[in-house]
Amino acid sequence: KMEQSTAPSNPETGEKNEEIFEVDSDDSGDEATEDSDKSESPMQSPRNTEGTAPTPNKKKSWFNAKKAIASKASTSAFGKALFQKFVDKDTMKLLDTLKAIAADHSGKEHAMQLKKDITKLAVKVLVLYDQKILKPESFSHLEFFFRRISSTIKNAYQQKKMDEGVCKRVSDLINEFGPAVHNVLQPHVTKKTLSRLQRTIEYVGSMEFVAFASQHALFKDVVMLLATLLERANNNS
């Protein structure tokens with residue numbers, strides 16, 4: 001369930017979110033004319049194309065225009081307003097904690113890019129939801145993965161069994177979560193957005209990063225925040 005928040009910045013660090021919404025080279029160009037991807041993405045589940053009729057150019061242009069709407073909104077005042085309205089302080093704190101761990105793992109520049117990627121992906125989802133292109137039922141499969149990832153981490157941490165086997169299980173779940181998100185977004189966003197999703201999942205879901213995070217001093221905060229979000233999801237279901 002999406003909850004409303006009016007916090008314009010991270011209350012812990014005072015960091016402003018404006019920089020997240022600045023246009024960078026990855027968002028430039030006329031994405032409305034971008035052709036749909038002819039090849040299967042490594043993250044995409046196999047699709048049955050048997051009996052599929054050729055797509056008329058007019059229909060393709062219409063779909064590409066819709067993709068451009070979500071893409072442009074991720075860097076607009078509208079996208080920023082949606083993010084501040086729906087993303088609660090616990091989710092923001094989780095994102096900032098993940099960024100802090102990533103900074104220690106791979107450097108501040110990479111960590112900032114990671115936060116930017118996740119934020120822009122979240123905004124695109126919110127725009128599609130606000131426009132009623134995505135329905136609440138679109139998120140049911142994604143919620144399933146969130147519950148499994150969160151409960152696996154929480155239970156292992158409480159039992160002091162955050163070992164290599166658990167890290168491998170968490171890594172596998174995150175990498176299964178990626179294609180699920182891909183399949184929800186793919187009809188509505190550009191290839192650049194799907195590439196952003198893929199690099200995010202590849203990094204956060206890597207065994208190296210999961211193992212590093214599990215030993216980090218801030219991992220306790222990750223566990224507590226995931227437990228809070230999991231409890232809220234259970235109460236709202």
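This is a predicted model: local features need pLDDT of at least 70, side-chain atom pairs count only at pLDDT 80 or more; totals for chains, interfaces and linings use all residues.
View 1. For background, most residues other than glycine have a negative phi.

**View 2. Lys160, another loop lysine with a positive phi.** Move along to the loop between α5 and α6 and you'll find Lys160 there. Phi sits near 55 degrees for Lys160, again a positive value in a residue other than glycine. How buried or exposed is Lys160? Lys160 is exposed, since its relative accessible area comes to 77%.

**View 3. Asp88 reaches across to Arg232.** Seven salt bridges turn up in the structure, and one of them pairs the side chains of Asp88 and Arg232, at 2.9 Å from N to O. Asp88 counts as buried because its relative accessibility is 12%, with the limit for buried being under 20%. As a general point, side chains of opposite charge can pair when their charged atoms come close.

**View 4. Asp90 joins in on Arg232.** Here the salt bridge runs between Asp90 and Arg232, whose closest N and O atoms are 2.7 Å apart. This pair also links distant parts of the chain, with Asp90 in helix α3 and Arg232 in helix α9, 142 residues apart. Asp90 is buried, given a relative accessible area of 18%. Through shared partners, salt bridges join Asp88, Asp90 and Arg232 into one network.

View 5. A polar atom of the Asp88 side chain lies 3.0 Å from the backbone nitrogen of Asp90. For the backbone nitrogen of Thr91, the distance to a polar atom of the Asp88 side chain is 2.8 Å.

View 6. Asp172 and Lys168 form a salt bridge, their closest N and O atoms 2.9 Å apart. Both are in helix α6 (residues 164–185), four residues from each other, or about one turn of the helix. How accessible are the partners? Asp172 is partly exposed, with a relative accessible area of 33%, and Lys168 counts as partly exposed too, at 41% relative accessibility.

**View 7. The largest nonpolar core, seen around Phe209.** This core has 41 residues, and Leu185 and Phe209 have the most contacts inside it. Elements giving two or more residues to the core are α3, α4, α5, α6, α7 (191–204), α8 (207–214) and α9. Which element gives the largest share of this core? That's α6, with nine residues. Beyond its neighbours within four places in sequence, Phe209 is in contact with Leu98, Ile101, Ala102, His105, Tyr203 and Val204. In soluble globular proteins, nonpolar side chains tend to be buried together.

**View 8. A second, separate nonpolar core.** This one has nine residues, among them Phe83, Val87, Met92 and Leu95.

Methods: Residues are numbered from 1 along each chain as its sequence is written. Side-chain values use heavy atoms; hydrogens and water are left out. A salt bridge is a side-chain nitrogen of Lys or Arg within 4 Å of a carboxyl oxygen of Asp or Glu. Buried means under 20% relative accessible area, exposed over 50%, partly exposed in between (1.4 Å probe, protein chains only). A nonpolar core is a set of buried Ala, Val, Leu, Ile, Met, Phe, Trp, Tyr and Cys residues joined through side-chain atoms within 4.5 Å. Contact means heavy atoms within 4.5 Å. A polar contact is a pair of N or O atoms within 3.5 Å; within protein, one must be able to donate a hydrogen and the other to accept it, and residues adjacent in sequence count only if both atoms are side-chain atoms.
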